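Here is a quick tour for someone meeting this structure for the first time. Take a look, then read on.

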Amino acid sequence: MTPPILQVEGYAKHFQLHEQNKLIPSSHNVSFTVRSGELTALIGPTGAGKSSVLKGIYRTYLPSAGRMLYRDALGHELDLALASEHQILELRRREIGFVTQFLHCLPRQATLDVVAQPLFALGVPRPEARQRAADLLSAMKLPERLWSVSPATFSGGERQRVNLARGFIARPRLLLLDEPTASLDPATAECVIGLIEGLKAGGTAMLAIFHHPETTRRLADQVVELAPPPAVETLLKEIA
Ligand SMILES: Nc1ncnc2c1ncn2[C@@H]1O[C@H](COP(=O)(O)OP(=O)(O)OP(=O)(O)O)[C@@H](O)[C@H]1O
């Protein structure tokens with residue numbers, strides 16, 4: 001069996017709102033293992049902290065507890081919870097991708113360049129990067145007339161396709177997906193499912209939250225269920 005690319009042990013995240021003197025429990029005592037070429041789905045009730053797990057791994061959030069051992073392309077292991085900002089930025093550039101429901105892009109940047117951006121950052125020549133972006137956007141059936149304009153004014157489904165294409169294009173080693181098919185029509189969602197299967201076959205490890213249980217059933221090699229977060233009083237005792 002291939003060694004895991006990611007081992008999450010006892011991950012927890014809670015939010016301390018100092019100005020309101022409030023503690024908000026989120027993910028709690030989450031442990032699982034992610035392997036290359038497999039998709040691990042996170043499930044659980046709303047507010048259980050599924051998105052917070054993905055954000056912790058991507059280091060948008062600093063975890064409150066736990067280890068996240070990541071094995072990089074050179075075989076070195078590092079704890080994402082302790083990695084420096086520089087290490088995290090390099091991993092985001094080379095190895096770890098994240099597709100959220102929101103697209104962040106520069107104003108007035110053409111859609112084709114928004115999608116090709118991860119390849120530009122890796123030094124792929126611009127014409128080749130743009131061609132690969134065009135191929136992906138065609139596969140996702142985004143009308144060609146939209147490729148030269150900014151996605152800022154796109155509909156939710158159009159923007160989500162751009163977002164997914166940008167997440168897929170560099171074939172990251174680990175891809176985090178937060179409800180990637182939520183705002184897509186059934187035909188486009190089907191096409192995205194096909195692309196996810198293709199990435200899996202190419203060896204990408206994925207950690208995903210899906211809106212529809214049916215998508216989880218079809219794509220997941222492993223399902224990790226998160227329990228609801230503990231009561232504030234319980235958490236306060238634990239961290240005292
Ligand atoms: N930046 C933040 N500041 C304060 N509280 C937050 C923050 N991010 C998440 N939370 C809280 O953490 C808890 C878990 O949120 P999260 O979005 O991770 O849950 P989820 O399981 O993904 O939920 P859903 O299925 O509804 O998307 C919620 O109570 C949420 O309000």
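How far is an oxygen atom of the ligand from an N or O atom in the side chain of S26? The distance is 3.3 Å.

## What you are looking at

This is a predicted model, where local features need pLDDT of at least 70 and side-chain atom pairs count only at pLDDT 80 or more, while totals for chains, interfaces and linings use all residues. Residues are numbered from 1 along each chain as its sequence is written, and side-chain values use heavy atoms, with hydrogens and water left out.

An unreviewed UniProt entry lists residues 6-239 as "domain: ABC transporter"; such annotations may be inferred rather than shown by experiment. Over that stretch, the chain is 38% helix and 23% strand, with the end C-alpha atoms 26 Å apart. Helices here are DSSP runs of H or I with at least four residues, and strands are runs of E with at least two, numbered from the N terminus.

The side chain of S52 has an N or O atom 2.7 Å from an oxygen atom of the ligand, and a polar backbone atom of S51 sits 2.9 Å from a ligand oxygen. The protein covers 64% of the 640 Å² of accessible area that the ligand has on its own (Shrake-Rupley method, 1.4 Å probe).

## The largest pocket

A pocket is an open set of points on a 1 Å grid over the protein atoms alone, where a 1.4 Å probe fits, with protein on both sides within 12 Å along at least five of seven lines. The largest one holds about 690 Å³ of space.

Its lining (residues with an atom within 4 Å of a point) has 26 residues, with Y58, G97, F98, V99 and R166 nearest the centre. β8 supplies the largest share, four residues.

Technical notes:
Points joined across faces, edges and corners; volume = space filled by probe spheres on them. Polar contact = N/O pair within 3.5 Å; in protein donor to acceptor, adjacent residues only side chain to side chain.
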